[in-house]
Amino acid sequence: MSASTPVSSPASAAARPTRHVTSGGTRVYTLSVPAFPHFAANVFVVVRGEPAAPTYTALVDAGGSHEASTAALEAGLEAIRRDYSETVAWETLDRVVVTHPHPDHVAGLPFVRSRTAAPVAAHEGAVQTLEHPQGDPVTRQADMEGHIRWLGLTGGGTEAEYAERLRRRARNTMLPEAVRVQTVLRDGDVLDDVFTVIHTPGHDGSQVCLRVDDLLLSADHLLPRNSPPLMPERAQRGAGLRHYLASLDRIEALDGVGVALGGHDGPMHDWQGRIQSLRDRYDDKLRAVLDAAAAPVTVHDLTHALHPRLRPMQAILLLDQTAALAEYLTARGDLVETRREDGAALFTRA
């Protein structure tokens with residue numbers, strides 16, 4: 001496995017490519033694009049064959065839908081052509097692969113589809129979201145109201161503020177318009193004789209990691225700087241800490257992987273060490289939840305107990321995370337869940 005090679009590109013600071021060459025000679029280019037304001041996501045271009053006449057080219061993920069993201073994607077492709085003499089273009093693309101249907105990774109798919117007819121591949125659990133992004137708004141809102149009650153967001157103040165933010169989230173879609181999935185992926189599939197598909201639920205129930213020779217595209221399952229946001233399994237099938245930890249075990253068991261490239265930030269050469277640090281971090285979080293649940297407490301109040309300096313912009317993600325931790329501990333028998341008259345879940349140390 002070669003070391004990463006940064007290349008400067010005046011076209012777009014956000015789209016400067018980094019190249020990895022696998023043991024089999026496959027080139028994997030990382031493009032960092034601004035998926036949200038002040039938040040970048042990685043898009044990957046995977047190339048096989050001679051640079052002047054590639055035999056296979058794939059795009060993995062698509063970034064955001066706004067102009068800054070799509071412009072960075074275009075500039076990144078141009079930088080790969082210019083700086084590496086790779087003959088890659090929209091019209092020569094063979095495949096588009098989705099790692100998981102979150103907006104920072106798939107909202108740019110309609111733009112990509114407007115540029116290329118390359119078939120889209122995604123896990124079977126993501127097909128409904130990609131092909132019918134609007135879903136059933138009535139059911140989605142009703143489910144969210146039940147979730148809001150369960151979290152204990154039935155009062156005023158921050159409870160009312162968070163409840164309204166969750167209602168807005170339920171009205172949002174993962175991508176602005178439908179995109180057809182031509183190839184449905186399942187765990188263990190080998191796509192195009194290039195990618196080995198590893199289903200890694202937890203962060204999202206339909207997330208996949210992709211192995212290419214001795215390189216792992218670890219999506220948002222394994223990141224170098226942060227633990228991925230989790231929500232409880234009761235809110236999304238396949239989400240939650242139980243699935244996430246089991247998926248870490250699956251990835252750790254891979255033999256012969258030299259580097260992992262996540263959906264955000266840079267490469268992970270000590271990716272197995274990163275897995276252990278994530279396990280340690282979750283052990284600390286679980287102990288903190290148990291310490292804070294000496295008396296019955298809602299997810300809302302537990303979140304504020306664990307994060308007394310909680311910043312408003314973090315609130316919803318931390319509510320999700322706290323709910324996932326409490327759900328896991330309850331299933332393990334370390335917490336007992338009861339219900340308040342208004343439907344709020346109350347958690348107490350067993």
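Guide: What follows is a set of questions and answers on a predicted model.

Visitor: What makes Arg242 partly exposed?

Guide: Arg242 is found in helix H7, and its relative accessibility is 48%; since buried is under 20%, exposed is over 50% and partly exposed is in between, Arg242 counts as partly exposed. Apart from neighbours within four places in sequence, Arg242 is in contact with Glu233 and Tyr328. The C-alpha atoms of Arg242 and Arg332 are separated by 9.7 Å, although these residues are 90 apart along the chain.

Visitor: How do you know that strand E12 is largely enclosed by the rest of the structure?

Guide: Strand E12 covers residues 215–219, and five of its five residues are buried, so E12 is largely enclosed by the rest of the structure. Leu215, Leu217 and Ala219 point one way from E12, while Leu216 and Ser218 point the other way, and all are buried. In a regular strand the side chains alternate between the two faces of the sheet.

Visitor: Which strands pair with E12, and in what sense?

Guide: E11 pairs with E12 in the antiparallel sense over three bridges, and Val212 stands opposite Leu215 in E12. On the other hand, E12 and strand E13, residues 259–262, run parallel and are joined by four bridges, with Val259 in E13 as the bridge partner of Leu215. Because two strands pair if there are at least two bridges between them, both cases qualify, with three bridges for E11 and E12 and four for E12 and E13. The hairpin of E11 and E12 has two residues between the strands, and there Asp213 takes a positive phi near 55°.

Visitor: What makes E9 and E14 edge strands of the open sheet?

Guide: The open sheet has six strands in the order E9-E10-E11-E12-E13-E14, with mixed pairing. Strand E9 (190–191) and strand E14 (267–268) each have a single partner strand, so one side of each is left without a neighbour in the sheet.

Visitor: How do you know that the buried residues of H9 lie on the same side of it?

Guide: The buried residues of H9 are Val299, His300, Leu302 and Thr303. They cover an arc of only 165° around the axis, which puts them on the same side of H9. What covers these buried residues includes H5, H6, H8, H10 and E16.

Visitor: Which residues have the most contacts inside the largest nonpolar core?

Guide: Leu241 and Trp271 have the most contacts inside this core, which has 48 residues. Among the elements that each supply at least two residues are helix H5 (137–151), helix H8 (271–292) and strand E16 (345–349), while H10 gives the most, with 10 residues. A second, separate core of 31 residues includes Val45, Leu93, Val96 and Phe111.

Conventions. Residues numbered from 1 in each chain as written. Predicted model: local features only at pLDDT ≥ 70, side-chain atom pairs only at ≥ 80, totals over all residues. Heavy atoms only, no water. Core = buried A, V, L, I, M, F, W, Y, C linked by side-chain atoms within 4.5 Å. Buried < 20%, exposed > 50% of the residue type's maximum accessible area, 1.4 Å probe, protein only. Arc of directions from axis to C-beta. Contact = heavy atoms within 4.5 Å.
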